[in-house]
Amino acid sequence: MPSLAERLGYGADERLLIVNCDDLGSSEAANRATAEAFAFGIATSATLMVPCPWALDGLERCAGADLGVHLTLTAEHPGYRWRSLTGAASLHDDQGYMPATAEAVWAQARLEDVAAECRAQIDQALAWGVDVTHLDAHMGTMQIDPRYFALFVELAAAYDLPMRMFGTGAERQLGFPGRAQASAAGRVYPDHFVSLWGLPAREVFADSLARLRPGVTEIYLHPVEDGPELRSYDRTHAEIRIKDRACLLDPTLKAEVEAAGARLISFRPLRDLQRQAA
């Protein structure tokens with residue numbers, strides 16, 4: 001069985017790297033930072049939070065970039081919230097907004113409402129003209145609970161899209177065979193996954209490059225420009241987002257990518273392969 005790299009037209013030992021910016025559309029500051037990362041040349045992909053009020057601004061700033069849909073069922077910031085597109089009661093808390101945590105979603109949301117909302121978000125992105133390259137999920141809501149993961153696979157199959165996939169170590173911790181489920185459904189997904197959330201982004205990125213394995217690896221970050229907007233809506237994780245932006249704009253990073261023998265790609269080749277195989 002040829003490897004994913006070989007199916008994409010590369011050698012079996014090739015190191016292919018997707019650098020994804022999560023949370024496009026969550027704020028103007030996030031949109032500016034993501035557009036900068038694309039322009040700088042390290043970011044290859046981003047995922048759009050369709051229900052957020054800055055979603056269209058994000059599309060405008062990142063016009064021409066490869067974008068996926070960041071399926072959104074939570075609104076975690078205390079003073080900055082958003083609602084679902086479908087308006088289903090089970091998708092909202094007592095204040096009328098999406099819940100703040102994934103656990104609250106799993107406890108109260110009806111799966112049929114979740115399915116309808118996710119479809120509405122993907123359909124809205126398509127209606128806005130986004131050539132959607134893949135699916136992933138905000139705060140892991142669609143990936144950690146087995147019921148939601150099964151729906152995540154169904155959605156990827158329905159729209160014939162590749163999907164973000166947790167690594168083998170995380171799969172062992174989660175305790176269900178998600179990678180096998182996705183493969184059985186004919187889904188394409190990266191071989192390896194690196195999360196920098198809450199870690200020293202620049203150092204861990206460099207370490208990940210040094211340890212990069214053959215195949216396709218996705219690294220994701222949450223870049224946001226520092227300033228009053230970020231400091232007002234995310235007082236808890238502002239420093240993480242600022243450091244993620246600094247990592248993606250570090251002028252020495254390109255040389256490290258080249259020295260590691262990594263070839264930057266986006267999810268688009270995976271999406272094209274997915275559809276060729278159909």
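Reply:

**A close look at helix 10**

In this predicted model, helix 10 spans residues 201–210, and its buried residues are Ala201, Arg202, Phe205, Ser208 and Leu209. Viewed down the axis of helix 10, these buried residues fall within an arc of 125 degrees, so they line one face of the helix. Glu203 and Ala210, by contrast, are exposed on the other side of helix 10. The cover over the buried residues of helix 10 includes strand 1 (15–24), strand 5 (192–195) and strand 6 (215–221), together with helix 12 (238–248) and helix 13 (253–259).

Turning to helix packing, helix 5 (residues 111–127) and helix 7 (residues 146–158) pack at an angle of about 35 degrees, and their axes are 11 Å apart. The crossing of helix 5 with helix 7 is right-handed. In this contact, Leu111, Val114, Ala115, Cys118 and Arg119 of helix 5 meet Arg147, Tyr148, Leu151, Leu155 and Ala158 of helix 7. Sorted by class, the contact of helix 5 with helix 7 has eight nonpolar residues, two charged residues and no polar ones.

As for the cysteines, the structure holds zero disulfides. Cys62 is in no disulfide, the nearest cysteine sulfur being that of Cys21, 7.9 Å away, and Cys62 is buried, with a relative accessible area of 3%. Cys118, which belongs to helix 5 and takes part in its contact with helix 7, is likewise in no disulfide, with the nearest cysteine sulfur, that of Cys52, 14 Å away. Cys118 counts as buried, at 0% relative accessibility.

Conventions: Residues are numbered from 1 along each chain as its sequence is written. This is a predicted model: local features need pLDDT of at least 70, side-chain atom pairs count only at pLDDT 80 or more; totals for chains, interfaces and linings use all residues. Side-chain values use heavy atoms; hydrogens and water are left out. Axes are lines fitted to C-alpha atoms, for helices over the stretch in contact, and angles run from 0 to 180 degrees between N-to-C directions. Helices (H or I, at least four residues) and strands (E, at least two) are DSSP runs, numbered from the N terminus. A crossing is left-handed if the near helix is turned anticlockwise from the far one by less than a right angle, and right-handed if clockwise. Contact means heavy atoms within 4.5 Å. Ala, Val, Leu, Ile, Met, Phe, Trp, Tyr, Cys and Pro count as nonpolar, Asp, Glu, Lys and Arg as charged, and the others, Gly among them, as polar. Buried means under 20% relative accessible area, exposed over 50%, partly exposed in between (1.4 Å probe, protein chains only). The arc is that of the directions from the helix axis to the C-beta atoms. A disulfide is a pair of cysteine sulfur atoms within 2.5 Å.
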